[in-house]
Amino acid sequence: MKYLVLFGPPGSGKGTQSENIIKKYGYGHISTGDVLRAEMANKTELGKTAKDYIEKGQLVPDSLIIDMLAKTLDGFKEANGIIFDGFPRTTAQAVALKEMLKARGADVTVMLNLIVEEQELITRLLKRGETSGRSDDNLETIQKRLDTYNSQTAPVIDFYEKEGKLANIKGVGTIDGIFALVCKEIDAK
Ligand code: ADP
């Protein structure tokens, strides 16, 4: 059973590559962003709390995310593998994930780090905003999300590098071309 961390800044293509991985490998998929948007749509307590952070381009507090993730992870006992998409987003979340997987006798297999430069991210996210209906895909919030990424999320790369789990992938090019690089890393593990 492989545990993949699909990582990269907002707009780097995590969602797109996740879909391809699901199709080819049949892995379970946990996107904390999708779970939070579902909670928001259902107007749950968690959804209402999350909305304030998301619309400011900030991270939802670690304790809420870690609880949410633990519940979601329990639903995937039978999968061949799991893709974590948009999680961990802080070093504290990476440590919590390590503990959760250790309790299952497992560990992260590889972190797939999609690398895309900032101007390209802004272009992609603005374009997505034309159709996504996401309240955080506007220029002001995009810039805050990128700042949040740089200050709080990018350090997670060092965590996995020290664990010997980091695989950098150039996230620019055709979707199929990038997916080929993703598959190479998955198959090598
Ligand atoms: P993006 O396209 O920005 O990567 P996501 O759909 O993964 O978007 O997440 C949208 C928002 O949900 C983030 O900007 C953040 O506020 C919140 N969020 C998602 N995952 C996490 C997480 N693991 N920890 C904290 N906040 C999160």
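**A walk from the sheet to the helices**

Leu 114 stands opposite Ile 169 in strand E5, where strands (at least two residues) and helices (H or I, at least four) are DSSP runs numbered from the N terminus. This is a predicted model, in which local features need pLDDT of at least 70 and side-chain atom pairs count only at pLDDT 80 or more, while totals for chains, interfaces and linings use all residues. Residues are numbered from 1 along each chain as its sequence is written, and side-chain values use heavy atoms, with hydrogens and water left out.

Let us stay with the strands. E4 (residues 110–115) and E5 (residues 166–170) run parallel, joined by five bridges; pairing requires at least two DSSP bridges between two strands. E1 (residues 2–7) is also parallel to E4, through four bridges, and Phe 7 has Asn 113 of E4 as its bridge partner. Five of the six residues of E4 are buried, so the rest of the structure largely encloses this strand; buried means under 20% relative accessible area (1.4 Å probe, protein chains only).

Now to the helices. The axes of H1 (residues 14–25) and H9 (residues 175–187) come within 10 Å and cross at roughly 55 degrees. These axes are lines fitted to C-alpha atoms over the stretch in contact, with angles from 0 to 180 degrees between N-to-C directions.

Finally, look at Gln 93 in helix H5 (residues 91–102). Gln 93 counts as buried because its relative accessibility is 2%. Beyond its neighbours within four places in sequence, Gln 93 is in contact (heavy atoms within 4.5 Å) with Asp 62, Ile 65, Ile 66, Phe 87 and Pro 88.

Note on methods: Buried means under 20% relative accessible area, exposed over 50%, partly exposed in between (1.4 Å probe, protein chains only).
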